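User: I would like to go through this structure and ask what stands behind each label. Please set the values against the definitions as we go.

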Amino acid sequence: MIADLLRVPDELSARVPAEQRGPGLGRDAVRLLVSRGAAEVGHHTFGDLPDLLAAGDVLVVNTSRTLPAAVDGRVGDGRGRGEPVVVHFSTRADRWHPAGRAVAGRWAVELRSPDGHGSTRPRAGGPAGTVVRLPGGARLVLEGPVDPGSVRLWWARVTGARVAELMRRHGRPIRYGYTDRDQPLAAYQTVFAVDAPGGGSAEMPSAARPFTPELVARLVSKGVQFAPVALHTGVASAEAFEPPYPERFVVPPVTAWLVNAARARRRAAARRRAAGSAPSGRIVAVGTTAVRALESAAGADGRVRAAAGWTDLVVTPERGVRAVDGLLTGLHEPTASHLLMLEAVASVTADGEALRRAYAAAVRGRYLWHEFGDLHLVLPD
């Protein structure tokens, strides 16, 4: 695994958004590492993306908006000041949830401790019955762990306020200690984000952050198509190799049609390749969330069908990918379970040699990590 061979220096954490690193810079002022199968990696800027894609390629984008999911609170029933905590609202339970026990109106939450610098540090949740006082007289009560084997995420109910209104009035975007300061919510929204009743992500689908309207226009003029999906992400996995929890997703009929049509064109192009026709119609997911959503709607034959609900799919090299050909993503921690997905998309062997080579090149090249950092484009060989 990469974790055995690679350490990412702390100074390679992106501490502020790209547009705040110098005068005249925009969101797209990030670098782009390009991997093609087992081949050597290439180094580009994000503005080169239209030159790296072809007419007929499809970019699958996550339209989930980022929520102001961090809310200050105090543990206790009000008879004392209580321990200060920050509540990270992760996932809203629906009428049904794969983890069971949860019922409509409950939220999966993570309690964290303020670190004194505007960010937070890990804190164990629980026990059941713990009360957290929230702004405006609201209260949160922990009911039980989402995963019986972990004390990090807990199902909780909120009284005295609607959670959406509580976040709107008192919340802020979740941020971690590697960033310098709080940012406005707009800094965490992508150009593709749309409002959806009851929808939203605890943390930004960050692979799409560098896209600007101008870059989207260039891609469209090149003949690249955009296909929307929604996957409402919970809080990032804090444990080494911890798989993601079930998340709500939607793959609309228009996206299923676009992807299936592009794959059909690519198969036809492959048959004509001997006559000089170049392959086209690659399905490139923008972010691991887009992979998870699209692959959750793909059958064993690779055909995508419109779907909506909850997904607990974990994409690994053993499972492989069925609908996705490439991936545009950030640079992940060496212990992140998302790296298994990258191996699957890159179609490399289970030892991850090509992925290790790419990540080693990123460290040598001083690429920046995390949600405000640089990007990695994984394409078929």
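User: Which are the buried residues of α6?

Analyst: The buried residues of α6 are T288, T289, A290, V291, R292, A293, L294 and E295. The model is a predicted one, in which local features need pLDDT of at least 70 and side-chain atom pairs count only at pLDDT 80 or more, while totals for chains, interfaces and linings use all residues. Residues are numbered from 1 along each chain as its sequence is written, and side-chain values use heavy atoms, with hydrogens and water left out.

User: What makes helix α6 mostly covered?

Analyst: The count does: 8 of the 9 residues in α6 (288-296) are buried. Buried means under 20% relative accessible area, exposed means over 50%, and partly exposed is in between, using a 1.4 Å probe and protein chains only.

User: How do you know that the length of helix α8 is close to the expected one?

Analyst: The expected span of a helix is 1.5 Å times one less than its number of residues. Helix α8 (353-364) has 12 residues and reaches 16 Å from its first C-alpha to its last, close to the 16 Å expected. Its buried residues include A354, L355, R356 and A358. Just after α8, R366 has a positive phi of about 60 degrees.

User: Why is the contact between R209 and E19 called a salt bridge?

Analyst: A salt bridge is a side-chain nitrogen of Lys or Arg within 4 Å of a carboxyl oxygen of Asp or Glu. For R209 and E19 the N to O distance is 2.6 Å, so the pair meets the definition. R209 lies in the loop between α3 and α4 (213-222), and E19 in the loop between α1 (2-5) and β1 (31-36), so the pair ties together parts 190 residues apart in sequence. A search of the whole structure finds 16 salt bridges.

User: Is R209 buried or exposed, and what is the state of E19?

Analyst: R209 has a relative accessible area of 3%, so R209 is buried. E19, at 26%, is partly exposed.

User: What makes D57 count as buried, and what makes R282 count as buried?

Analyst: D57 has 1% relative accessibility, so D57 counts as buried. R282 has 14% relative accessibility and also counts as buried. The side chains of D57 and R282 meet in a salt bridge (2.7 Å, N to O).

User: How far apart are the closest N and O atoms of R112 and E110?

Analyst: The closest N and O atoms of R112 and E110 are 3.3 Å apart, and the pair forms a salt bridge. R112 is buried at 6%, and E110 is buried at 2%. Elsewhere, salt bridges that share partners join R106, E143 and R157 into one network.

User: What makes a space a cavity and not a pocket?

Analyst: On a 1 Å grid over the protein atoms alone, a cavity is a set of points where a 1.4 Å probe fits but cannot get out; a pocket is an open set with protein on both sides within 12 Å along at least five of seven lines, and lining residues have an atom within 4 Å of a point. The count comes to 3 cavities of 30 Å³ or more. The largest cavity holds about 60 Å³, where a volume is the space filled by probe spheres set on grid points joined across faces, edges and corners.

User: Which element gives the largest share of the lining of the largest cavity?

Analyst: That is α8, with 4 residues. The lining of the largest cavity includes A354, L355, R357 and A358. By class it has 7 nonpolar, 3 polar and 1 charged residues, where Ala, Val, Leu, Ile, Met, Phe, Trp, Tyr, Cys and Pro count as nonpolar, Asp, Glu, Lys and Arg as charged, and the others, Gly among them, as polar.

User: What is the volume of the second largest pocket?

Analyst: The second largest pocket has a volume of about 440 Å³. Of its 21 lining residues, the closest to the centre are L67, W107, V163, A164 and M167. The elements giving two or more residues to this lining are β5 (83-92) and α3 (163-170), and the largest share, 4 residues, comes from α3. The lining of the second largest pocket divides into 8 nonpolar, 8 polar and 5 charged residues.
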